[in-house]
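Trainee: I am new to this structure and would like to learn how to read a few of its features. Could you take me through them slowly?

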Amino acid sequence: SVHSVVHPHAASGSNPQAQPDILGALDDVSGEHQDEEQQLRNTIRTDDVGTDDASLIQLFELPMHDREVQINDQPQRRTGASDNDASVFIEMPVNVGAQDTGAQFRRSLSTYAGQSIGTMRTDSSVVAHDTALTDAGQLTAQNDEDPNFWGISSRWFSPDSPLYSYYNNLRSANNGYLSRNAGGLPNSALIPDVPIANDPYDDQRMPYDDLYSDDVSSMGDTPTVVVISQKVKKKLKKFFRACWLTALVLAATIIMVKACRNEWLGNANYGNGRVQSLFAPRRSKRYKPMLEKLIAISGAEALQDEASPQHRALIFLADQDPLVLNPEDPLVYTQLVQRYVLSVLYFATSGPMWEHRTYWLTGQHECGWIYVLCADIKNLDNATDSENGNIGADDDDDSSYFEVLDADLGLGTGKIVTGLKLYDNNIHGIIPEELSALEFLHLIDFGANRLMGSLPSALFHKFKHLRELYLNSNYFNGTIPANFTQGLTKLKVLTFGNNQLTGTIHKEIFTNSISLERVSFESNMLSGSIPDVFQKMIQLRDIRLGQNKFISTIPASLFNSGKTRSEGATRSLTKCDLHGNAFTGELPGTLTKGVPFLKYLYLHDNRLTGNLDTELFCGAANSFIDIRLNNNSFTGNFKIQCLMENLELISLASNNLTGPLEDGIGHKLPRLREIHLFDNKLSSTIPTTIFDPTNLTAILMYNNQLTGSLTANVFNGASHLEHLYLNGNKLSGKLDDFVSAKGLEALKKLRLEYNSFSGTIPDFTGMPSIEVLYLYNNSFTGSLNADTLPPTLKKLKVSNNTLNNEIPSKLGEFENLEALSLNGNEFVGKIPSELGNLNSLQIFHLQRNKLSASIPVQFQQLTSLSELRLDFNEITGSVPKQVCDLRDSGLQTLVSDCGGKNPKVSCSCCTECS
């Protein structure tokens, strides 16, 4: 049962100054209450209640007063309490009689005013709350028949409390123990437990089922409990929480600093899970001897600089390399050097960002790292060139090289690095000088990367066996050092193209390496003249100096018939690319006499002059594949003087060539695929044999002075022709015979604009592949018949003719149309709304016709439209709002007759008004 202690005068109206009585209540938990006892014990354990006599007593749910610390019997007024408020804490040590030893109890107290003091839990004492005892009457209890009452050996009340003297009287009358009716109170004074009405703190009262019980078998007589206030507890919690937070922040900081340091020192492959201390990393026993070995390669300063790639490579080899090389073992010294140099290269050029880095900085032998080429020592002299996947020595005399091969290199049957093929691998940075320690390198391919800085000439001087060096398509700047090729006597390939190099080319670049076969300096900013030192470079096959700023004339020695003194072999030059410079003068007279194997001659976009004598090309007539001399200032007639059976492309466009096109030109160029003669002053008719080559795909002869008409017999053999550009000439006549040719099934682009063709537009459906048809600025008349146009059309331009009648609505079915120009004709009537179905249309010109009515609202469907011109017509009304909305989807130009004092069209979105 539950016992409530109340102030009876609140209900009975008794004198508040009457002598109070103190009663207690205790349930018998023996017998049928054993289960409850066990449950209460479990509750105590789970609530972590102390078991010693001095256990801390906590008072729950104390409203209407602050919770202050109370030591023993010294009551403390709550902070800010008035003189009339005598609320104090009273500590009451409890001693249970012998007959009740080991019993369990539950207790709940309430104040007279209904303020819930809450449930108390104790081992050796009970804390009560004396609330305004000056205004309180006697205290009583219910359950008058309960035979088990508390025996209290001592109670420490405040001397100011009315209970203090009464307590002593009760104790004296009962030999030191407080019994139920020790004060002689009549039973009539006991009142039953009456629920307190209108309790403002009823929601704070602990439920009866949650009352706690404690073992009181060891209760003593001496009070030692300290009641700790909730404020102090909160402060302690904040303190400990701050301590934990500080510890967590410190730990996180250490972890972050550690992670950043490891990232600074290396990458995902750098290290193998070994944790080093933050400020003084522990080194393996190999560190110091390995440092001493590598000082000769990189120097002590670089190796000890923790931010350098050299130091990072050293740490990898000494502490992280799974191969665990012993620096004291002379048999692995060469391998140690190779792994070190490759590791420095990796760290110096942002290895973690490489496109391909498989097996780099792993336990694999360095020859197993991707794009590292190696050769066995004993077979190095038999290794093939890089085009076959390996690299090695050539069969030429190299006594010093073979002496090295015969020496004891310390690798036994191992491998040595002979090539680095790291093309297009997202390498960026500066090439480290340590690379020169790989003295047997034959191939270095760093092309198409992001290397920068000046060309490290001193680095490459040490590569005595270097055959191929690719540094093209990077960000190198500065000049090419004159001594760059010094010592590279076996160099065959040298490429610096597509960089930012400036200055001139020194003759030593070529004279130091007369064995060069391929030279590529194109797409830089090199200037000056090309040194005339090619006489002895009889092995030169490919020279590319295009797109620079070279001036003066083309050196004659480039095409000179250089011969060896012993064999008299002619030069094997196959490609010469000097385009995009400022070369002047005439072509060297030795152009083809000394280079009979020349296949590709690119001299376009220069300032070359002189009479173009095609006889110059006859020396290499059987070799030429591609000749480009366009965009110069050559003069003379275009005549092919000899049979050039392998020539596929000849471009003489944008010169000053004159005269007629010779008949039979097609017979002399049987393999011709493309002929570019535009932007010249060629006259006469088009020779019928020009289309004889069966492989001919493009004829570009626009902007000349060609005359005559186009007939079917001219084109019957051009079954592969795809591009026919004859615009900008003086051609005339009708096209009816031309379109009947049977050899134009492959034709895709036909440009006949700016001529004098007449008649109606013929039926082009016999050319089923046509995508571009330009007939504008001619003299065509009649109607435009959509049925005579191939459905494959993407661009149709018939503007500035004399076409009339209405625009055919069937044009709306040409779903591939991207450009439609009908302007400058005499079309009448309304604009067909079906044209709104041309979803791919981008350019639509209808200006300068006689169109009337209004603008179709269906034009709102032309979502790909970027330009629409409707001006100089008889169109009236307003531009539909839906059409104006196309301005938000890409329509950039919209022109109508919306100008003047009395505009025909009302337009709020037009970009221009006529």
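Mentor: Valine 324 counts as partly exposed because its relative accessibility is 42%, where buried means under 20% relative accessible area, exposed over 50% and partly exposed in between (1.4 Å probe, protein chains only). This is a predicted model, in which local features need pLDDT of at least 70, side-chain atom pairs count only at pLDDT 80 or more, and totals for chains, interfaces and linings use all residues. Residues are numbered from 1 along each chain as its sequence is written, and side-chain values use heavy atoms, with hydrogens and water left out.

Trainee: What is the phi of valine 324?

Mentor: Most residues other than glycine have a negative phi. Valine 324, although not a glycine, has a positive phi of about 50 degrees. Leucine 361 likewise has a positive value, near 55 degrees, and counts as buried because its relative accessibility is 3%.

Trainee: How many salt bridges are there by this rule?

Mentor: A salt bridge is a side-chain nitrogen of Lys or Arg within 4 Å of a carboxyl oxygen of Asp or Glu, and by this rule the count comes to 13. One of them joins the side chains of arginine 339 and glutamate 366, at 3.2 Å from N to O. These two residues are 27 residues apart and link distant parts of the chain, and both are buried.

Trainee: Which residues are linked with Arg339 in a network of salt bridges?

Mentor: Asp321 and Glu366 are linked with Arg339 in that network.

Key. Helices (H or I, at least four residues) and strands (E, at least two) are DSSP runs, numbered from the N terminus.
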